[in-house]
Amino acid sequence: MAVPSVYAGRLGASTRTRRGTSRAEARVWRTAFIVGVVVLWELLARTGVIDERFASKPSSIVMAVPPLLSDPQVLEALGMTLYAVGASFAIGTAGGMLVGVILGLQPMLRTAYFPIVMMLLGTPKSLFLPVIMLFFGLGVESAIVFGSILTFVHVTVNVVAGVDLVEPKHLMVAKAYRASRWKRFRHVILPGASPGLFTAIWHGLRNGFTGVVIAQLFTATAGIGYLVRVYSNNFQTDRALTLILMVSLVLILVGTGWNHVEKRLTSWRPDATQ
Amino acid sequence: MTDLRVEGLQVAYETRPGERLVACQDISLTVASGEFVTIIGPSGCGKSTVLHCMGGLLPPTQGRVLFGGDEVVQPNPHNAAFVFQDYSLFPWKNILENVGMGLTFAGAGKTEIAGKAAEKLDFVGLGEFAHALPRELSGGMQQRVAVARALAMEPRVLLMDEPFGALDEQSRRTLGSDMARILEQTQRSVVLITHSLDEAIFWADRIIVMSARPGTIIEEIEVKAPRPRDLSMMTEPEFQAIRVRLFDLIQLQQAKKAPQPLAGGR
């Protein structure tokens, strides 16, 4: 089964164990690396080899967590970002699923329009940000629009790739047993494409988040991205880095959780048992 | 009584503009009620194409297919149900659900599906695997599930497209004799495509031999051996005689299709 190249960046794919490598061993090496980086950073900052004002240090970052979490401005920013991400995800995923399924199932429409989506995928979409700002202003709307576009593009591409995974032999059975369009979709296309749909949702969420944060970084007057910008400009590197780490952590947790959900729901796949 | 009649069937594809590939032509045959017909021919002779047309999966370019007097224009699994070469079970459904999928697709009610699926799964001897997933079963067992799925439709004809093609020799034999029992009990007409000489003879009331592409019928051979048959049939003189005849016909066709050997001294 040819797996489309869009799967290359799939979360978790690289953590799947290769034959002969123990997962536990890999985990030890990974932890050692992270601990090593943290310790080295701390040492370099304390001995003054790197300038603490710009690079901060791990202990300051940890110390910055409690005050940040009780800062109403931060909480508001978090809420704002979550709202924008949620809206982007909902809009982009709904649109992307619909368009992806249609393009995946209709060869003519696919030939006509899929290149546009692929072109969008390849373009650095941040270039559109100034234009989006012109239309939607400096508020949360621009972040939502930008996040939705990113989500939409990634969801569409992965859904189309997912529909490609549907095996012709299964469609043949549906035809031979005279399945209605709906039954064909419900029992053959949807489950057959589900690996792609799961990837689509994950990429949609991740890119929606990226889009919102980038938009806030450059344009907004509220949100996590905006705060990171403010903190950096004021040399509050520890606060900025703390925010970045917190956001990364949340994304990693969501991604891991999603991976588990996916594995449970697609346990029929031969590689799901690994 | 005739269940299925094919009249002057031709199927041609346009491979690229202006280029036509004739898969098969002048195919006329009948399948009587309760008859077991095997179709054998060299690979690429269009025998699967003929089967697909018989079941309404593929529209003929010329000619027509009649089922009990009515022209077949689309699949009707209650008349003719397919068993495909690669089992084509749905990996995300358990075995029982897979057996019921034909009925589900065809729009049967829930209680009917549940009842018939369980019955047919027992019939093919796999009742204990009802809640297993396809990947937990061997190829031979999966093919029995696919047969159960077709039988659940209670079709008048079973159309089997190289049903043992993906199995190794040993499994083919075992599954073969199991299947012989199963299909004899159902008393249905069967059309079975194969490229195995032994299978073609073992199963058949009548063997239809096709030529290399464009596929046409070059011979029909009746097999008179009594039923139920078992593997010992393969040692009978009649079996051997037919086998030699088929070998001749098919080998001949293969040789004709194969590129001519290079003449020496070029």
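Tutor: One cut-off to start with: buried means under 20% relative accessible area, exposed means over 50%, and partly exposed is in between. Also keep in mind that this is a predicted model.
Student: Okay, then is B:E154 buried, partly exposed or exposed?
Tutor: B:E154 has 35% relative accessibility, so B:E154 counts as partly exposed.
Student: And where is B:E154 found?
Tutor: B:E154 is in the loop of chain B between helix 4 (139-151) and strand 7 (157-161). Its backbone is worth a glance too: phi is positive, about 50 degrees, although B:E154 is not a glycine.
Student: Which residue forms a salt bridge with B:E154?
Tutor: B:K116 does, with the closest N and O atoms 4.0 Å apart. That pair links distant parts of the chain, since B:K116 is in helix 3 of chain B and B:E154 is in the loop between helix 4 and strand 7, 38 residues apart.
Student: Which residues are joined into one network there?
Tutor: B:E112, B:K116, B:E119, B:K120 and B:E154, through salt bridges that share partners. One of these bridges is B:E112 with B:K116, where the closest N and O atoms are 2.9 Å apart. Those two both sit in helix 3 of chain B, 4 residues apart, which is about one turn of the helix.
Student: Nice. How does helix 3 of chain B pack with helix 2 of chain B?
Tutor: Helix 2 (residues 95-106) and helix 3 (residues 110-123) of chain B pack at an angle of about 125 degrees, and their axes are 8 Å apart. The two helices are therefore oblique to each other, and their crossing is right-handed.
Student: Switching to chain A: what does A:D71 meet in a salt bridge?
Tutor: The side chain of A:R239, at 3.5 Å from N to O. A:D71 lies in the loop between helix 3 (58-70) and helix 4 (72-105) of chain A, whereas A:R239 is in helix 11 (residues 237-265), 168 residues apart.
Student: Is A:D71 buried or exposed?
Tutor: A:D71 counts as buried, at 17% relative accessibility. A:R239 is buried as well, with a relative accessible area of 17%.
Student: How many salt bridges are there over all chains?
Tutor: A search of the whole structure finds 15.
Student: Last one: which peptide bond is cis, with omega near -5 degrees?
Tutor: The one from B:R213 to B:P214. B:P214 lies in the loop between strand 9 (206-210) and strand 10 (217-222) of chain B.

How values were computed: Residues numbered from 1 in each chain as written. Chains lettered and ligands numbered in written order. Predicted model: local features only at pLDDT ≥ 70, side-chain atom pairs only at ≥ 80, totals over all residues. Heavy atoms only, no water. Axes fitted to C-alpha atoms, helices over the stretch in contact; angles between N-to-C directions. Parallel < 35°, antiparallel > 145°, perpendicular 65-115°, else oblique. Left-handed = near helix turned anticlockwise from the far one by under 90°. Buried < 20%, exposed > 50% of the residue type's maximum accessible area, 1.4 Å probe, protein only.
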